[in-house]
Amino acid sequence: MTPLLSRRTFLQGSAALGGAFALGAGLAARAGAAPEPQLLTAQLAKAQIAGDGVTPVITYGLGETTHAGMPPVLRMRKGEAYAARLMNRLDEPTTVHWHGLRIANAMDGVPEMTQPYVYPGDHFDYLFTPPDAGTFWYHPHCNTLTQMGHGLTGLIVVENPADPTFDAEIVLNLRDWRLGAGGKYIDPFKPRDAARGGTYGTVRTANWQQEPVYDAPAGGLVRVRIAATDVTRIYTIGLEGAEAKVVALDGNPVERPFLLDRLDIGPGQRVDLVMRMPDSEGARATLGNFRGSKPWTIASLRAGGPSLKRDLGDVAPLPGNPVARADLSTAKRIPLELTATAEHKAVPSVCGSLGYTFWALNKVPWPGDTPDPIAPIEELKLGKSYVLEIANRTPHAHPIHLHGLSFRILSSNKRSFLPPPTDTILLLPDEQAEVALVADNPGDWVIHCHIIEHQKTGMTGYFRII
Ligand code: C2O
Ligand code: CU
């Protein structure tokens, strides 16, 4: 076990990141006047999720007004400053993490590491400039099994004025709820499942609805932005009744759009499709989950109006994002092993501990949620290239997410198609993959499994870039 650093040493490390914040602010200034902050109020509400009964949920609303629906889709622009004030109207601390956005460390939303807890009644101001266009999402980084499990997951669309336009756009937030009779929550997880693939929800939703139906122009091209924000479920996305091309994965454009067949996306991952709607009025295209033996419907699109007669063959690659290429000739190699670990009690935490340890990164189980911090997995030098040799030594899949940076998958013993740069790689059972990155964003960057039960029972660590 790596020796524990005192909190003081740790915070001194973080203090060195003042420069990172200054960098963010500098970019903001260059992009024009400071933008008007969006007020994002974390709040308790009630919503109809299951067929029977009303469920107490946690959501974000825009402004101070109460909001009973799904957290809003936040729209930002590539290269333009964005500001939000998180107002905490919950009865516990929270923060916002902007999943996949390569922004300054001080804006990353990890309590005790990049910012203080935002206590009930308090607020925190976020200001950053997203460098990449694409589909991203936001969620708290505190007591997440409950806060996310009860609703706090929203999508972010970072627009690029240079993107092609389509006949319609649909944004889908995929997630489950662990509800029993009367829409009441059941136990958030089962320890024996947490030690395996994770505990699944009982009510499956897209945009907080079961099997929603959306209208789109017949024969039109529809951009469908999908994010898997569930705490556990890995989806195998497929489409029936229409064809679609995959144009982006985890926010980054694919080099050549390809026809969607079946695509796995784990918690935290996104896919952007361009779907060609059926020609006849009323015809449906159905997005489904084809994982497991019984496929089920996620959402449907219903064709309306006279056919626009578009051609899927006309779909061109989206303009790319400025992700630096690692210099493989000088890159230092860092092993990263995903393993199970002996079960023992985790330390209690302000931010929610599950009370177990089942998992580890490089044999070190993160002791709780945001405990007295431990040493980084490795200190990286700003601007240098690295190759992570990730080895999944478990019989379970793990969506491993790195904050603040994008990496390229160089090789894998389990896949032939190498996706574009990403912030989350779904490691298959026994997969060994090499991923490359340039350490171009200073700060302490968390890396963890996005199956929240795995994250919270040890599969967490961080890299320090200085
Ligand atoms: Cu999507 Cu550490 O998070
Ligand atoms: Cu995992």
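In which strand does phenylalanine 463 lie? The answer is strand E29, which covers residues 460–465. Before following that residue further, here is the overall picture. The model is predicted.

The protein chain folds into five helices and 29 strands. Its radius of gyration is 21 Å, close to the 23 Å that the globule rule gives for 466 residues, so the chain is as compact as a globular protein of that length. The C-alpha trace spans about 65 × 55 × 50 Å along its principal axes. Of the 466 residues, 59% are buried. The accessible surface comes to about 17,600 Å². Carbon and sulfur atoms account for 53% of that surface.

Two further numbers describe the chain as a whole. Take the contacts between residues at least 6 apart in sequence: 74% of them join residues at least 24 apart. Then take the charges. There are 44 positive and 47 negative ones. Their mean positions lie 2 Å apart.

Now the metal site. The copper ion (ligand 2) has three donor atoms listed here: ND1 of His398, SG of Cys449 and ND1 of His454. The distances run from 2.0 to 2.1 Å. Along the chain, the donors follow the spacing H-x50-C-x4-H.

Return to phenylalanine 463. Its relative accessible area is 2%, so it is buried, the cut-off being under 20%. Leaving aside neighbours within four places in sequence, phenylalanine 463 is in contact with Ile334, Pro376, Ile377, Glu378, Leu380, Leu388, Leu402, Gly443, Asp444, Trp445 and Ile447. Glycine 154 is 309 residues away along the chain, and the two C-alpha atoms are separated by 26 Å.

The loops come next. Proline 278 sits between strand E17 (270–276) and strand E18 (284–289). Proline 130 is 148 residues from proline 278 in sequence, and the C-alpha to C-alpha separation is 35 Å.

Leucine 418 is also in a loop, between strand E25 (408–412) and strand E26 (424–427). At 35% relative accessibility, leucine 418 counts as partly exposed. Apart from residues up to four places away in sequence, leucine 418 touches Ile409, Leu410 and Ser411. Leucine 152 is 266 residues from leucine 418 along the chain, with 31 Å between their C-alpha atoms.

Last, the backbone. Most residues other than glycine have a negative phi. Which asparagine in the loop between strand E7 (134–139) and helix H3 (144–149) is worth a look? It is asparagine 143. Its phi is positive, about 45°, although it is not a glycine. Asparagine 143 has 18% relative accessibility and so counts as buried, under the 20% cut-off.

Asparagine 207 has a positive phi as well, about 50°, and is not a glycine. It is found in the loop between strand E10 (203–206) and strand E11 (213–217). At 13% relative accessibility, asparagine 207 counts as buried.

Conventions: Residues are numbered from 1 along each chain as its sequence is written. Chains are lettered from A and ligands numbered from 1 in the order in which they are written. This is a predicted model: local features need pLDDT of at least 70, side-chain atom pairs count only at pLDDT 80 or more; totals for chains, interfaces and linings use all residues. Side-chain values use heavy atoms; hydrogens and water are left out. Helices (H or I, at least four residues) and strands (E, at least two) are DSSP runs, numbered from the N terminus. The radius of gyration is taken over C-alpha atoms; the globule rule is 2.2 Å times the number of residues to the power 0.38. Buried means under 20% relative accessible area, exposed over 50%, partly exposed in between (1.4 Å probe, protein chains only). Contact means heavy atoms within 4.5 Å. Accessible areas come from the Shrake-Rupley method with a 1.4 Å probe; for residues, only the protein chains shown count as cover. Lys and Arg count as positive and Asp and Glu as negative; His and the chain ends are not counted. The place of a charge is taken as NZ of Lys, CZ of Arg, CG of Asp or CD of Glu. Donors are N, O and S atoms within 2.8 Å of the metal (3.2 Å for Na, K and Ca); water is not among the atoms, so sites may look incomplete.
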